[in-house]
Amino acid sequence: MIILITAIKPEADAILSVYPMKKSAHGTFSLYESEQLPLRLLVTGSGKLNAAMAVTEYLTGCSFSEQDIFCNLGICGGSKELSVGDGFLCASVSELTTGRTLYPELYTHPFPETRLFTSDTPVMTTSLPVEQEGNLPAVFDMEAYGIAAALFRRIMPSHCFFYKIVSDYCDGSFPTPSTVTSLLHSHFGRLFDFLKETEQQLICRTTRQTDEMHKISSQVEQLAFCYPLSATMKHKLTGLLTYASYTGSVPKDLFQALPESGSSPHKKREALAFLQSLEDSLLHSEPAADAAELCQPVKKPLRPIRHIYVERGVDTQPLKPRIL
């Protein structure tokens, strides 16, 4: 399922004119759902607070899955170095007044990138003290940070996208509703193709990772028959085997010469020595040529990760294995 998030009616009208959807009644927001496509449209209303409340209400009151893709699509203000109608995928979303920044995780994509700053009021000048980050331009809106903050509490950053189209130069000349609708129209094709392809790749990657975690869990239990592993030691072993799987460096003799379950059990200090030996062997091993295959989508590689974040599973499942 792809969930598009817009703030104002003209933005929503542009989407509904291409993808007709049926409206369902909700409290602080408007929700539309396609009967033919796995597509929903959430209209939050203007302002950071309204946007955060609408997204939070959607996530608590509507069904969604871990494979769903969320995309905030809308207009923004920019400097005169940019052109009206330019579209950008946002590499970061910042709160203008506090400087707090959230980072969607970006994959390989065909779009120019920008830094997005969310203000509580319309920005009337681009001469603002925003920190320079490489050659990325800065654009401004009034909702994205509220949307990002609400999404990131429940949704992994790798499933959240923010696409903004320059509509004005922050000089008070706001576009008309018809102009907003026409600006969005020209960006639908490439953006929707990218979202659909990314959704399919993430589903395939999740399936492969789930299969691999089941295999690792079985390996941990097999080793636990032979060594008196505590819960902490099992957790460490799971992390080591996960690392070994992602780097393609699982020792070939790991399960050889182990006593049968229930016979000649090792002592606890031998279990600790086994874990230390496994860790040392992994740290000194070279990754396989096809390492990290599970981290790759089916058709094209992910771009290098530029921002480190902790997945939501860490908060709800402290023992869930993860690699940062």
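The model is predicted, so local features need pLDDT of at least 70 and side-chain atom pairs count only at pLDDT 80 or more, while totals for chains, interfaces and linings use all residues. Residues are numbered from 1 along each chain as its sequence is written, and side-chain values use heavy atoms, with hydrogens and water left out.

Start with the whole protein. Its secondary structure comes to 8 helices and 10 strands. Helices (H or I, at least four residues) and strands (E, at least two) are DSSP runs, numbered from the N terminus. Of the 324 residues, 44% count as buried. Buried means under 20% relative accessible area, with a 1.4 Å probe and protein chains only. Now take contacts, meaning heavy atoms within 4.5 Å. Among those between residues at least 6 apart in sequence, 73% join residues at least 24 apart.

Next, look at helix 3, residues 144-151. Of its 8 residues, 7 are buried. They are Ala-144, Tyr-145, Gly-146, Ile-147, Ala-148, Ala-150 and Leu-151.

Now find the second largest pocket. A pocket is an open set of points on a 1 Å grid over the protein atoms alone, where a 1.4 Å probe fits, with protein on both sides within 12 Å along at least five of seven lines; lining residues have an atom within 4 Å of a point. The second largest pocket holds about 410 Å³ of space. That volume is the space filled by probe spheres set on the points, which are joined across faces, edges and corners. How many residues line the second largest pocket? There are 23, and Ile-75, Met-142, Ser-167, Asp-168 and Phe-174 lie nearest its centre. By class, the lining has 14 nonpolar, 5 polar and 4 charged residues. Helix 1 (9-18), strand 5 (69-78), strand 9 (138-141), strand 10 (160-168) and helix 4 (177-185) each supply at least two of the lining residues. Strand 5 gives the most, with 3 residues.

Finally, check the cysteines. A disulfide is a pair of cysteine sulfur atoms within 2.5 Å. The structure holds 0 disulfides. For Cys-71, the nearest cysteine sulfur is that of Cys-90, 9.1 Å away. Cys-71 counts as buried because its relative accessibility is 0%. For Cys-90, the nearest cysteine sulfur is that of Cys-76, 7.1 Å away. Cys-90 also has 0% relative accessibility, so Cys-90 counts as buried.

Notes: Ala, Val, Leu, Ile, Met, Phe, Trp, Tyr, Cys and Pro count as nonpolar, Asp, Glu, Lys and Arg as charged, and the others, Gly among them, as polar. Buried means under 20% relative accessible area, exposed over 50%, partly exposed in between (1.4 Å probe, protein chains only).
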